[in-house]
Amino acid sequence: MHMLFRWASKWWPGLIPLAVMWGFAAWNNTLPVEADLSARSSAALKDTVLDKTRIAVDGRDVRLAADAFSEEGRRDAVTTVETVPGVRLVDDQTRLVPEAKPFVWTAERDVVRVTLSGSAPLPSMKARLTEAARKEVNGGEVADQMGLARGAPARFEAAAMLLIDQIGKLKDGKITISDTKINLSGMARDLGGREAIAAALKNLPEGFSIASNEIKAPPYIFQAYKDPVAATVTLTGYVPDNAVHAAIANSASRKFFTEKVVDNLKASIGAPASFNTAVIAALGALSRLSTGTLVVSDREVKLSGDALYEGAANDIRAGLGKDFPKAWQYKPEITVKPAAGPVDGTVCQQLFSELLAKGKIRFEPKRADIDPDSAGVLDHLIETALRCPTTNIEVAGHTDADGEDSFNQALSEKRAQAVIDYLVKAGLPADRFTAVGYGSTQPVAGNDTDDGKAQNRRIEFLVR
C-alpha cells in the first residue's frame with residue numbers, strides 16, 4: 001500500500017496540465033459555435049419587427065431580449081430563434097413595448113426647427129415620418145423626439161403624413177394627433193396658406209376628425225406711397241382677384257392721382273370682406289395729401305402724410321372713417337404741409353392750368369354735384385389759390401354739345417358755382433371768385449367722339 005501511494009504521488013501532478021489543456025480546447029471549440037449561433041439567430045430575426053434586440057449565446061443556449069410591438073410578434077420572434085439549427089434552449093426575455101393611452105403624436109414648427117414628438121408605432125414608421133418632415137422643410141432642421149409605443153389608431157401613418165405636408169405651409173405652429181382627434185394652431189406662412197391647409201384636411205383618412213383648427217392667416221396687406229418728388233404713386237401688396245386689381249388700378253390712375261401710378265400689386269386669396277370699397281375710399285383720401293403712405297392691414301387702415309392746408313387735414317381726419325364698411329378701423333396721422341411761398345398772378349395762372357391739364361373736376365352726370373373723387377384735384381387748386389391771395393379768379397364751366405343749349409348753359413353755370421362753394425367752404429374768400437358758364441360755346445375738341453366730349457366737359461380757372 002505504501003508503495004502504491006508512493007507511485008501515485010509521482011504521476012497525479014501531471015493530470016493538472018492535462019485538465020487545463022482539455023478545458024482550453026473545449027472553450028476554444030465553443031467560441032466558434034456560439035458566434036455561429038448568434039449570427040444565425042440574428043439573421044433569422046432580420047424580417048421580424050423588434051426594437052432593442054439583444055442576443056447572447058452560452059454554448060447552444062440563446063438568451064433573446066427585445067421590445068416587441070404585438071404579442072403575436074413577440075411569440076413569432078421567440079419561435080424563430082428556437083427553430084435555428086443548433087439552438088437547444090431559448091431564454092425568452094422579450095417584452096411588449098408599452099401602450100400609449102391616448103396615443104399622441106405632435107409636429108411643432110418654430111423659427112429654427114421642426115420637432116416631432118409623442119409616439120410612433122414602429123421604428124420604420126418613425127424613420128419615414130422624420131424623413132418626410134425633412135423633405136417638407138427643404139433641408140431645415142428636424143428634431144426627432146418621438147418614442148415608440150403601441151396603441152396607434154388604424155391609418156395613423158396616412159394621417160401623420162398628410163399633416164406633415166401641412167407643416168411646410170406654417171410660419172410657426174403645432175399639429176397634434178390624439179388617438180383620432182386632430183388639433184392645429186399657428187400662423188400660415190403665406191396668404192392662402194390657411195385655406196390650403198383647410199382644403200387638405202378634407203382628405204384625412206377615415207376615422208380621423210378635426211377637434212380644433214386655429215390656424216391664422218398672415219395680415220392681408222395693401223400699401224400705397226405717394227412721392228411728390230418722383231411724381232409717382234406706388235401700389236404694393238395684395239388684391240383678391242384680377243377684377244378688383246383692375247378696379248383699383250383704374251381708380252388710382254384715372255380718378256384720383258395726376259402722378260404716375262406704379263402698379264406692383266399681386267393677386268391672392270384671403271382678403272377681408274369689402275376690401276375693394278375700403279381701399280378705393282382710402283386711395284381717395286391719399287390723393288388729397290402732398291406726400292403720404294397708406295397701409296391697409298386686414299380691416300385696419302393707416303393713413304399718414306401731409307395735407308395741403310389745415311381745412312383738408314381736419315376733413316381727412318374726421319371724414320374718411322365714415323366711408324368705410326362696418327368693422328373696419330381707421331387710424332389717420334395727418335399733418336399739414338408747410339405753406340409754400342406766394343406767387344404772382346402769372347405764375348398762379350400757370351399752376352392752375354397745369355393742375356387742370358392733369359386732373360379734372362368731375363360731376364354727377366347731367367348734374368352740378370361734384371364727384372367726391374375730385375377732392376384731391378380741388379385741394380391742390382385751393383393750395384394754389386392760397387399762394388396768390390390778391391388775385392381774383394373766374395371759375396368757368398363748360399359742357400359738351402349734347403342736349404339743348406339752354407340746359408347746357410344753365411348746367412355750366414351751376415357747376416362753376418358748385419366749385420366756388422367748395423372753395424369758400426374750405427376757407428377762401430367768396431369775393432375773390434366769379435362763376436361763369438359758357439355752355440358748349442367754347443369747345444377744345446370735337447363733339448363727334450366720346451373722348452372729345454369728355455375734354456369739352458371741363459372747369460377752368462382764369463386769373464383776372
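Predicted model: local features only at pLDDT ≥ 70, side-chain atom pairs only at ≥ 80, totals over all residues.
Q: Which helices each supply at least two residues of the lining of the largest pocket?
A: They are α8 (275-286), α9 (310-319), α11 and α12 (405-425).

Q: What volume does the largest pocket have, and which residues are closest to its centre?
A: The volume is about 650 Å³. Of the 27 lining residues, R288, D315, D323, P372 and A375 are the closest to the centre.

Q: Which domains does that lining draw on?
A: Domain 3 (221-336) and domain 4 (345-463) each contribute at least three residues to the lining of the largest pocket. By class, this lining has 14 nonpolar, six polar and seven charged residues.

Q: Turning to the second largest pocket, where does it lie?
A: It lies between domain 3 (221-336) and domain 4 (345-463), because both give residues to its lining. The space in this pocket is about 520 Å³.

Q: Which residues lie nearest its centre?
A: Among the 22 lining residues of the second largest pocket, those are T258, E259, L355, K358 and H380. Helix α11 gives the largest share of this lining, six residues.

Q: And H380, is that residue buried or exposed?
A: H380 is buried, because its relative accessible area is 19% and the cut-off for buried is under 20%. H380 belongs to helix α11 (residues 375-387).

Q: Which residues does H380 touch?
A: Leaving aside residues up to four places away in sequence, H380 touches K226, S287, L289, L308 and L355.

How values were computed:
Residues numbered from 1 in each chain as written. Heavy atoms only, no water. Helix = DSSP H or I, 4+ residues; strand = E, 2+ residues; numbered from the N terminus. Buried < 20%, exposed > 50% of the residue type's maximum accessible area, 1.4 Å probe, protein only. Contact = heavy atoms within 4.5 Å. 1 Å grid on protein atoms, 1.4 Å probe; cavity = no way out; pocket = protein on both sides within 12 Å on 5 of 7 lines; lining within 4 Å. Points joined across faces, edges and corners; volume = space filled by probe spheres on them. Nonpolar A, V, L, I, M, F, W, Y, C, P; charged D, E, K, R; others polar. Domains from an automatic or database assignment.
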